[in-house]
Amino acid sequence: MIFRFVYAIGVLAGTSLPAMSQTDADIAATDSLESRMLNEVVVTGNNSAQRVENVQLGAEKLEMKVLEKTPVLFGEVDIIKSITLLPGVRQESEGSGGYMVRGGTASQNLVQLDGATLYNPSHVMGIFSTFNEDALGGATLYKGLMPACYGGATSSVLDIQLAPGNMQRWHASGTIGLLAAKLNANGPIVKDKLSLAVSARRSYADLFLKMVPKYRSTILHFYDVNAKLRYRPRPDDYIDASFSITHDNMGISDIMWMDWGNMAASVKWIASRGDHWKFITTGAWTDYTGDMWMDIMANRQRLDEYIRTVSINERASYAINDNHALEVGFRSELFRVKSAEWTVNDSKERDIRSGWTNELWLDYKGDLTEWFSLEAGARLSIFSALDGHSFSELLDYYNPGLQQGANRITKSYIMPEPRLSLRFDAAEHHAIKAGLTSSSQNLHAIRTSANTFPFDRYAITSADIKPEKAWQYSLGYTGTTDDGMWEWSAEGYYKDMRNVYDYRSGVTIFTDINLEKLILGGKGRSYGMELMLRKNSGRLTGWVSYTLSKTQTQIDGINDNRWYDASNDRRHDLNIVAMFDLTSRWSLSASFLYASGQALSIPDAKYQLSGGTVYYYSQRNNYRTPPTHRLDLSANYRHVGKRFTYEWTIGIYNLYNRYNPYMIYFEDAPENASGTRAVQYSMYGIVPSVSYTLKF
């Protein structure tokens, strides 16, 4: 049923599927600490010299204005798809909204919006991300090697900030695209004291679907709203209140329905005291929900889940002098996770778990000599599994309420996590960097494919499910020309992972409500090399990046206890991005990508059981899907007037109409000698797009 939605999108775009086959000074001064102290998220500039001088290896400060120029799908600028053009970052598959970093899965990435964590941040099964670029002020991606202030993820951290409203006067903009429209407004409520920024986006694919008789029963739409209040009680203090809501609805009337989304809010107080102290206090709340039901042959089935968290985070930084700084902090967070609640006709079963994590950290950053700098820290994470609910409950359909017990700690895990990054200046504009990071994660996504879906099952660490742990070691070199026009880098890494979970052979997410009966834990390893050449100035800018990597898993009880390629393993990944300023008003951009096929299990035999076909797999991930490659183009026209500015963006996604694999499954084919054939589903071929933006 899912692919009926995908097909409908292709129809709207003029294609079909084959049968087979405002960063400003305010932000810089407040949302992040001073660059000499933490070198953190939002800065007024991000030139090549800053990237060379950064101690942190594998950190990418994302330049929003550059990402906006890259070609996009359906005329929607997408920060998630843009970062997959960077070395070491890969899209799960064509059309998917998840991204993978250095051998990790999408669920091993921490995504934060103004301090609130978001889960599965994608629209329309991954075609769009939930981040409206009009609302964003800046972001930083940490590829494994992260400062001590971040935890809860073994792969990467993507820290995003909403842009605050202008303190002096109001601005607004509106965009109409192929499938969605956006509105944005920001300005002062009280000049120099209180500002507001609001952005909203809503798709209207459902309006077009109703015009086609075949798809009138199809429901397909999403919306997202972001808002940020900034209050300035004194010159050195800011208080930010941020809110975000995203929601998707997909369904076929009376047959199938899915909806999912995030609701998140945070309050952040940034205070400076004197020339040395800075404090950031953040309180955050997140509620992620997913719901799916099917009604087939008088058999009604429903699956719903949620992830709810509330946290408090405190950071205190002390600048000893211009070259040395210390930070200390703590974080406390409560989790409540409904891994699954099933309703099959008149019976109901659910799995709800709770946990509490407390973390302390200390971080130092400084220049020890003129040519040697380091950032060293330690993080202590303590996770406690709670038993406020029984792990599994069989409920009577007509009496679903059960008495809840008091939250009690059943098991605690204490995990020290050292962090170290070094920079050695080999020569002017040339640096050698090294680092190691230990990290842990207590939220586990259990999935049957390499792609993220809204109905993936989630679980938190318990007495039987242990925390995921990872050690990453990295070594790299970066350099730039004297004028900063050209920049290059090379990085190598090795990551050792523990308590990696995968499904037992022959089971699915619907086999049993109790996850402990479905999964097995083991270890993993990933290693690779990342190369990048970037041109930063001139009419022609862009970059070329290449990643060579290997990711494997070994779990006793799976694949005869032997190492096997992980479902997120990709051997080669090449990205070429070019942006050209044709005139003062016209700009052109192009991107080309090539990625090796993903690992896939193919059956060795099949047999009939109760009138259906059951496939037998002797090995895990013993086959590769075809590689993914495509060329995207876009053109942007920008006219700046005295009162109004307008832009036209025209794009062609997948210029040569390559149908890249999204999913492959197997079915009976009596006409073949094997009696079986593989069927490939693709998201879309060539997709034209156009959008118009008006700003005032």
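**Surface patch**

Patches are made of residues with over 30% relative accessible area and no salt bridge, with like charges joined within 9 Å and nonpolar side chains (Val, Leu, Ile, Met, Phe, Trp, Tyr) joined within 5 Å; a salt bridge is a side-chain nitrogen of Lys or Arg within 4 Å of a carboxyl oxygen of Asp or Glu. In this predicted model, local features need pLDDT of at least 70 and side-chain atom pairs count only at pLDDT 80 or more, while totals for chains, interfaces and linings use all residues. Residues are numbered from 1 along each chain as its sequence is written, and side-chain values use heavy atoms, with hydrogens and water left out.

F243, M263, W285, V310, L334, W356 and I409 make a nonpolar surface patch of about 590 Å² (Shrake-Rupley method, 1.4 Å probe; for residues, only the protein chains shown count as cover). M263 has a relative accessible area of 31% and is therefore partly exposed (buried means under 20%, exposed over 50%, partly exposed in between; 1.4 Å probe, protein chains only).

**Overall build**

The chain contains six helices and 41 strands (DSSP runs numbered from the N terminus: helices H or I, at least four residues; strands E, at least two). Of its 696 residues, 56% are buried.

**Aromatic pairs**

There are 14 aromatic pairs in the structure (rings of Phe, Tyr and Trp, its six-membered ring, with centres within 6.5 Å; planes under 30 degrees apart are stacked, over 60 edge-to-face, the rest tilted). Y494 and Y527 form a stacked pair, 6.1 Å centre to centre with 15° between the planes. This pair links distant parts of the chain, strand β27 and strand β28, 33 residues apart.
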